Amino acid sequence: MSDPVLEVTGLVVRYGNATALDHVTLHVSAGEMVALVGPNGAGKSSLVNAIMGLVRPAGGTVRLDGRAALVPEGRQMFPDLSVDDNLALGAWRRRREGSSARDTAWVYEVLPELARLRRQKAGSLSGGQQQMVAFGRALMGDPAVLIVDELSLGLAPLVTTTLAGHLRRLNAERGLAVVLIEQNARLAFDLCTRAYVLEAGRIRAEGPCAELAESSDVVAAYLGVTP
Amino acid sequence: MSHLLRSPGTLAALVVAAVAAAMPVLLPPSQVPVYVLLLLAAIVVTGLSLLMGYGGQVSLGQASFYMIGGYSAALLAVHGLPTWVALLAAPVIATAAAALIGVPLLRLRGHHLAFATLAVQLILLSLAGRQEWAGGDIGLQGIPQLEVAGYEFADDVSYAYLALAALAVVVLIARNVVDSRPGRGLRALATSEVAAESSGVPVAGYKLAVFSLSAGFAGLAGGVYAFFIGYVAPGSFPVLLSFEYVVMVVVGGTGTIWGALAGATVITLLLQLLNNIGTMEGMPAAAPSVLSYAVYGLLLVLAMLFMPQGLVRGLAFSSRLEVRWGTWKTISSRSAKRRRSSA
Amino acid sequence: MSDLLQYLVSGLAVGCGFALLASGLVTVHRVSGTVNFAQGMFAVVAGLAAGSFLSAGLPHGVAEVAAVTAAGAVGLLTGLVATGKPGTGPRAALIITLGLGFVAYAVEIMVWGDGPRSHPGLGGTIQVAGAYVQRQHLLVIAATALVFTALGLFFSRTYLGKALSAAASNPYAARAVGMNVTRMGLAAFALGGVLGGTAGVLLTPMLPISFNSDVLLITNGFAAAILGGLNRPGLALAGALTLGVAEALVAGYLDASYQTVVALVLMLAIMIWQASRRTALDMEAAR
């Protein structure tokens with residue numbers, strides 16, 4: 001196994017008296033695609049926020065080798081800014097750290113669909129186009145690991161397939177590690193090699209996707225409900 | 001007696017009432033006017049606290065209704081109406097004025113309403129200063145002594161008891177409102193208007209009612225003020241007075257009657273103390289105003305930052321003393337239950 | 001006819017002052033969601049400070065810039081107190097800025113006394129189409145045009161300006177790309193201080209300012225900004241100019257003491273008209 005780019009150890013996140021994450025431990029190796037599945041309220045968002053440094057954990061550690069970038073749930077555009085500006089702001093953290101800014105032209109090469117939208121306001125785009133902008137914005141941060149929070153939510157199947165193709169290609173060609181948080185466990189298992197099952201703030205199961213898909217309780221819980 | 005001990009709220013109320021009733025004769029005569037003004041402020045602040053705590057709205061122009069009450073009483077008395085009629089008319093006219101301007105104004109919320117109420121007061125001040133019949137900038141002088149059933153209110157002590165009686169009436173009304181079914185609806189309104197509306201609370205009507213009621217309280221206080229001072233002018237009702245009421249509500253804690261009384265008392269006493277310090281020998285001429293502004297400001301900021309619940313509830317929680325009204329008990333126990341179940 | 005032109009120019013000049021105040025309100029509200037009641041105070045501080053700097057012997061230009069810088073620092077400080085503590089909501093922030101206005105009263109009276117003060121601006125008049133127009137009025141109009149252009153370019157062309165807009169429009173996404181949204185709010189407060197301060201140094205030569213002029217300034221600024229829902233500087237500018245001209249015409253043709261009443265009634269009418277077009281639901285969402 002190669003060195004982990006993301007290593008989460010014994011992570012605890014609390015909101016007041018409620019415990020959202022209870023000693024969660026997981027790791028993602030360089031160039032690996034890992035799925036994180038679980039029902040609503042399992043603590044997936046808390047995990048994402050803790051990895052991104054948006055909530056302060058009550059315990060445990062998050063260690064990153066390089067940067068993490070987030071494709072947030074619900075796309076989260078800066079609606080009044082152009083696509084190009086949305087992309088440029090993805091480099092905020094990197095610019096603050098003094099690294100040389102990646103040009104948005106790079107994103108248009110990787111995601112050519114965005115090139116003709118560059119002057120449009122992000123708020124005026126379709127859901128699929130916005131998800132593409134969210135991808136591009138995250139890539140502008142030059143991440144070692146890309147965290148995708150709900151890839152397929154609210155998107156047409158065809159659009160999801162396109163985005164999944166991009167993700168697979170970025171992983172294969174550039175060695176980008178990916179953490180895919182998905183309601184649609186079938187899609188997640190299809191794309192990734194390894195998976196964690198999060199439930200009520202704890203990791204309930206982990207292993208290669210193929211094995212997890214065989215394990216009957218997981219299949220019943222997360223694969224049975226989605227076609 | 002034993003049932004009173006079981007209800008510390010009632011006991012505390014009786015003690016406070018007894019002390020308040022004894023104050024006018026216990027205080028040195030020179031301090032009685034301060035006490036009268038304190039009581040009048042408490043009347044206005046009780047209403048404003050209802051509006052802020054139960055209507056969920058900030059009014060930066062509450063002195064408008066104090067002014068309307070004061071001018072109404074003064075005008076009617078000067079034009080020869082019996083003074084007790086003029087005094088009773090003050091809250092009625094203030095309530096009516098609020099009901100009238102409340103219809104368009106209460107479509108606004110939050111900071112919009114805050115600025116709108118401020119604008120209303122600025123407009124009133126500007127207009128009053130231009131009307132000859134209202135005495136213009138000089139104001140109305142020569143308001144006759146208040147006379148009720150042959151008794152003439154001539155000295156400060158008599159006004160102290162008058163103000164005390166007015167405060168008692170206001171507190172009783174406020175308490176009944178808080179404990180009533182509409183009171184609970186209003187409470188819901190302060191937290192979420194949409195939730196209150198969807199659960200069948202007639203939001204617009206209740207808001208207008210609490211706005212008018214709080215204006216009525218202020219109008220009553222203004223009426224007493226006019227007779228007590230014997231003179232009203234635009235300068236008697238500066239915008240600053242409205243802000244002062246907000247400071248009192250915030251320091252005491254919005255939505256509690258005890259908080260309103262405590263806020264008015266603490267601020268009035270503090271200002272009096274600062275005024276005494278500021279006018280001591282060797283202090284610069286500007287010292288009283290500098291000190292009072294600094295204290296207003298710092299109290300407001302510190303109270304918002306560190307005691308957003310206000311003095312009374314902040315203290316009550318720390319000492320676990322149940323000095324709040326019934327509604328508060330049910331609400332706090334309900335929210336405590338909710339907190340437990342979500343955890 | 002020449003009267004009318006004079007009223008128009010002086011109205012535009014005063015309106016420009018309101019516009020600068022309003023743009024400060026809009027900047028702070030857009031980025032931090034706070035209605036900053038201390039916005040008028042920034043103008044008062046800068047106006048009074050410029051006078052002191054001038055009488056201390058600083059040349060014109062330097063004195064004004066120093067005063068505006070001081071107002072920027074006061075803005076930053078206001079932002080720190082009003083929004084620096086986690087969990088301070090917009091309503092609490094409004095009341096805190098009101099409180100800071102009082103603290104400023106105390107400081108201002110100590111430093112400058114409680115009487116109205118003014119400082120000389122650009123003296124003299126020039127003749128335009130038969131009317132005498134004060135050069136200070138033209139200076140205010142030109143300076144405001146410059147500031148609004150710069151502000152527009154800052155928000156639409158610079159990285160930091162875009163980031164400020166972004167933080168305002170979607171705080172979660174802004175945090176996800178690594179922005180410190182609270183710090184962005186503070187930057188907006190500092191900018192608000194600079195804009196308010198600019199209004200103060202420009203207006204003081206035309207209308208003498210005392211410590212409590214802030215209430216009238218903030219009310220006029222708010223009235224202008226409300227036209228664009230506190231979020232749109234362009235509409236705020238239009239609102240401010242309308243307000244300034246309306247007040248000047250009322251003062252010129254009717255009665256000077258009614259000019260504020262006209263402005264305030266206009267503001268109330270606009271707010272009530274806007275509210276009647278909105279439902280309670282989106283107002284609540286906006287809170």
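Student: In the hairpin of β8(A) and β9(A), which residue takes a positive phi near 50°?
Tutor: Keep in mind that this is a predicted model. The hairpin leaves 2 residues between β8(A) and β9(A). The one with a positive phi near 50° is Ala200(A).

Student: How many bridges join β8(A) to strand β9 of chain A?
Tutor: β9 covers residues 202-208 of chain A, and it runs antiparallel to β8(A). Leu198(A), for instance, has Ile203(A) in β9(A) as its bridge partner, and Val197(A) stands opposite Ala205(A). The number of bridges joining the two strands is 6.

Student: And do β3 of chain A and β8(A) run parallel or antiparallel?
Tutor: Strand β3, residues 33-37 of chain A, is joined to β8(A) by 4 bridges. Within that pairing, Ala35(A) has Ala195(A) as its bridge partner. The two strands run parallel.

Student: Which are the edge strands of the open sheet in chain A?
Tutor: Let's read off the order of its 6 strands: β5-β6-β7-β3-β8-β9, with mixed pairing. An edge strand here pairs on one side only. That gives β5 (68-71) and β9 of chain A.

Student: What angle does helix α1 of chain A make with β6(A)?
Tutor: Helix α1, residues 44-51, packs on the sheet and touches β3, β5, β6, β7 and β8 of chain A. Compared with the direction of β6(A), the helix direction makes about 150°.

Student: How many residues of strand β8 of chain A are buried?
Tutor: Buried means under 20% relative accessible area. β8 spans residues 194-199 and is mostly covered. Of its 6 residues, the buried ones number 5.

Methods:
Residues are numbered from 1 along each chain as its sequence is written. Chains are lettered from A and ligands numbered from 1 in the order in which they are written. This is a predicted model: local features need pLDDT of at least 70, side-chain atom pairs count only at pLDDT 80 or more; totals for chains, interfaces and linings use all residues. Side-chain values use heavy atoms; hydrogens and water are left out. Buried means under 20% relative accessible area, exposed over 50%, partly exposed in between (1.4 Å probe, protein chains only). Two strands pair if DSSP finds at least two bridges between them. Contact means heavy atoms within 4.5 Å. Axes are lines fitted to C-alpha atoms, for helices over the stretch in contact, and angles run from 0 to 180 degrees between N-to-C directions.
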